[in-house]
Amino acid sequence: MALFDIIGPVMVGPSSSHTAGAVRLGLMSRILLKEEPVNGEIMLHGSFATTGKGHGTDRALVAGILGMEPEDMRIPDSFQIAEERGFFFTIDTANLKDCHPNSVLIHLKGKSGREVSVLGSSVGGGSIRVNKLDGVDVDFSGQNPTLIVHNEDKPGHVATITFMLSSNGINIGTMNVYRDRKGENAVMVVELDQSVPQELVHQMETIDGIHKVIYFDGMKEDGGSSHGSDLS
């Protein structure tokens, strides 16, 4: 067991689950959007809905969407910062059914029109799980280098992606394949032991039948620096 699992994360706010985890869920949604968000719809479920406001969950989620991390001292001011940056959002409650008590559904729209829908949960100690991505059931934490490939549900895509990783000396830690319907859209979630070069990600994006490739390196987009620097 890691020391982090015992004492919890360095953070601003009263609760690792309701504050630190919420920041990370917002940040993960931003990373998965792959661009600056301009609009957001945030739906709180369970404990997030009933006690989240007192724990600052609403402000923590917005802070993460803006690119802040759990230790950022500006988290309590996230609503004001969002207004200054032109990020418009709504927050409401919803019964998301069969979800972890600390769950949220976040829908973001970016400046170019790109959209993403993320259902995630804060599972304790600041750790998170992503449970749905654009309506497709998934399950990943974002703690390791992670490759997410949206593709047509046709033979060959899994073999092509795994071959490209192997050829570049990148070992797969875990890999799961999800789909909404047979023969339609599928999602590969690959958690890796090494970082993926950006050139390799670009090569994957050009493969016929692959709709979108998202890569991040431990809550960092495209293997680059953390989004916290975006707010300066």
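Q: At roughly what angle do the axes of helix α6 and α7 cross?
A: In this predicted model, helix α6 covers residues 157-167, and α7 covers residues 198-205. The axes of the two helices come within 11 Å, and they cross at roughly 160°.

Q: Are α6 and α7 roughly parallel or roughly antiparallel to each other?
A: The axes of α6 and α7 cross at roughly 160°. Angles over 145 degrees count as roughly antiparallel. The two helices, α6 and α7, are therefore roughly antiparallel.

Q: Which residues of α7 make the contact with α6?
A: α6 passes α7 in a right-handed crossing. On the α6 side, the contact is made by Ile-161, Met-164 and Leu-165. By class, the contact of α6 with α7 has 5 nonpolar, 1 polar and no charged residues. The α7 residues are Leu-200, Gln-203 and Met-204.

Q: In which order do the strands of the open sheet lie?
A: The open sheet is formed by 4 strands with antiparallel pairing. Its edge strands, each pairing on one side only, are β8 (172-179) and β10 (210-217). Neighbouring strands of this sheet are turned by 10° against each other on average, direction ignored. The order is β8-β9-β7-β10.

Q: Which strands of the sheet does helix α7 touch?
A: Helix α7 packs on the sheet, and its direction makes about 165° with that of β10. The strands touched by α7 are β7 and β10.

Q: How many bridges join β7 to β10?
A: β7 and β10 run antiparallel. Within this pairing, the bridge partner of Asn-151 is Ile-210 in β10. The number of bridges joining β7 to β10 is 7.

Q: Which residue in β9 does Leu-147 stand opposite?
A: Strand β7 (residues 145-152) and strand β9 (residues 185-192) run antiparallel and are joined by 7 bridges. In this pairing, Glu-152 has Asn-185 of β9 as its bridge partner. The residue opposite Leu-147 is Val-190.

Q: Why is β7 largely enclosed by the rest of the structure?
A: A residue is buried if its relative accessible area is under 20%. β7 is largely enclosed because, of its 8 residues, the number buried is 7.

Q: How many residues of helix α4 are buried?
A: Helix α4 covers residues 57-65 and is mostly covered. Its buried residues include Thr-57, Asp-58, Ala-60 and Leu-61. Just after α4, Gly-67 takes a positive phi of about 105°. Of the 9 residues in α4, the number buried is 8.

Q: How are α4 and α5 oriented to each other?
A: α4 and helix α5 (residues 78-85) pack with their axes 8 Å apart, at an angle of about 40°. Their crossing, in which α4 passes α5, is left-handed. Given that angle, α4 and α5 are therefore oblique.

Q: Which residues in α5 do Asp-58, Arg-59, Val-62 and Ala-63 meet?
A: Asp-58, Arg-59, Val-62 and Ala-63 lie on the α4 side of the contact. By class, the contact of α4 with α5 has 4 nonpolar, 1 polar and 2 charged residues.

Methods:
Residues numbered from 1 in each chain as written. Predicted model: local features only at pLDDT ≥ 70, side-chain atom pairs only at ≥ 80, totals over all residues. Heavy atoms only, no water. Pairing = 2+ DSSP bridges. Axes fitted to C-alpha atoms, helices over the stretch in contact; angles between N-to-C directions. Contact = heavy atoms within 4.5 Å. Buried < 20%, exposed > 50% of the residue type's maximum accessible area, 1.4 Å probe, protein only. Parallel < 35°, antiparallel > 145°, perpendicular 65-115°, else oblique. Left-handed = near helix turned anticlockwise from the far one by under 90°. Nonpolar A, V, L, I, M, F, W, Y, C, P; charged D, E, K, R; others polar.
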